[in-house]
Amino acid sequence: MSGHLPRITVITPSLNQATFLEETIRGVLDQRYPNLQYGIIDGGSTDGSAAIIERYRPRLDFAVIEPDRGQSHAINKGLARADGEIVTWLCADDTYAPGALRAVGEFFADHPGAPWVAGHCRHIDARGAMLDASPAVGASPERSLADLLLGRGSVCFPQPGVFWRRSLQQAVGPLDEALHYQMDYDLWCRFVQCAGGPMLLDRELAHYRLHDASKTCSSRHRFMAERIRVRRRYAQRLPLSDRLRLIRLLGYLRREHTIETSAGRIWRHVVRRPWWLASQQVREALRQGVGP
């Protein structure tokens, strides 16, 4: 049995997710973790979310309902109020697996030198039905910045299943509020640079919901563009051999993004970049007339 369980702060950024918000809130509170700080930062929802938050306000440690500058800003507002030794955020359409917070608290109590940890995460649909036969592996401790940027192996830190010490957050700074889709990926890059890869908690911790209104499903191209941007940001911090690999990967990803957003008119981009004809990726797109 572990010793004293550390205080865990969970922040839920919310904006017009009334369909799922109550399930998320209950999923956190029903963990019955004995040393929990839980707060919600709502960006001024107009769909009934505010009424749900007010109903649960007596059980929350803080609740803010006011316009903000986006999800990253909302999370930063929550992080500024955090007093837990361990912190994380859980989006307003995701949920925790039963017993997840106790498992996390016991893990950190048993591993006082662990700066951050990643557990398994399973995809669910809008109704909460499981979409994966088995949960995705979170991470392993030997992962480096190069592994993360180059996507080596099965490097995946699913955000709802990642928890970290507040001291690590303070060391690397807040989320980049200019990022709206890949702020977690950028944060993981900073964590890896500062403290190495996360330790792996080998159990299912969270459920990541995929539905038509989720950013993951509705804004794929924006996710792609920001991921390219974050990778470019850290390219110079890699050894030369890995930097060259990343440059090649970025070229492929930029072409993929252009192909997928060109509305079948990739030739217009090739006219401006004729050297793209050396890429089989582009030649195949021209042949097939790829586009939305």
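This is a predicted model: local features need pLDDT of at least 70, side-chain atom pairs count only at pLDDT 80 or more; totals for chains, interfaces and linings use all residues.
Ile8 sits opposite Ile86 of strand β4. Ile8 belongs to β1 (residues 8-14), which pairs with β4 (residues 86-89) in the parallel sense over 4 bridges.

Zoom out and you get an open sheet of 8 strands with mixed pairing, running β3-β2-β1-β4-β7-β6-β8-β5. Which strands stand at the edges? They're β3 (62-65) and β5 (95-96); each has a single partner strand, so one side of each is left without a neighbour in the sheet.

| Helix | Strands touched | Direction |
|---|---|---|
| α7 (residues 183-195) | β4, β6 (116-124) and β7 (162-165) | about 45° with β7 |

Two packed helices are described by the angle between their axes and the distance between the axes. For α9 (residues 220-234) and α10 (residues 240-260), the axes come within 10 Å and cross at roughly 160°. Angles over 145 degrees count as roughly antiparallel, and that makes α9 roughly antiparallel to α10. Their crossing is left-handed.

Who does the touching? On the α9 side, the contact is made by Arg220, His221, Met224, Ala225, Ile228, Arg231 and Arg232. From α10 come Leu246, Leu249, Leu250, Leu253, Arg254, Glu256, His257 and Glu260. Sorted by type, the residues of this α9 and α10 contact come out as 7 nonpolar, 2 polar and 6 charged.

Key:
Residues are numbered from 1 along each chain as its sequence is written. Side-chain values use heavy atoms; hydrogens and water are left out. Axes are lines fitted to C-alpha atoms, for helices over the stretch in contact, and angles run from 0 to 180 degrees between N-to-C directions. Helices (H or I, at least four residues) and strands (E, at least two) are DSSP runs, numbered from the N terminus. Angles under 35 degrees count as roughly parallel, over 145 as roughly antiparallel, 65 to 115 as roughly perpendicular and the rest as oblique. A crossing is left-handed if the near helix is turned anticlockwise from the far one by less than a right angle, and right-handed if clockwise. Contact means heavy atoms within 4.5 Å. Ala, Val, Leu, Ile, Met, Phe, Trp, Tyr, Cys and Pro count as nonpolar, Asp, Glu, Lys and Arg as charged, and the others, Gly among them, as polar. Two strands pair if DSSP finds at least two bridges between them.
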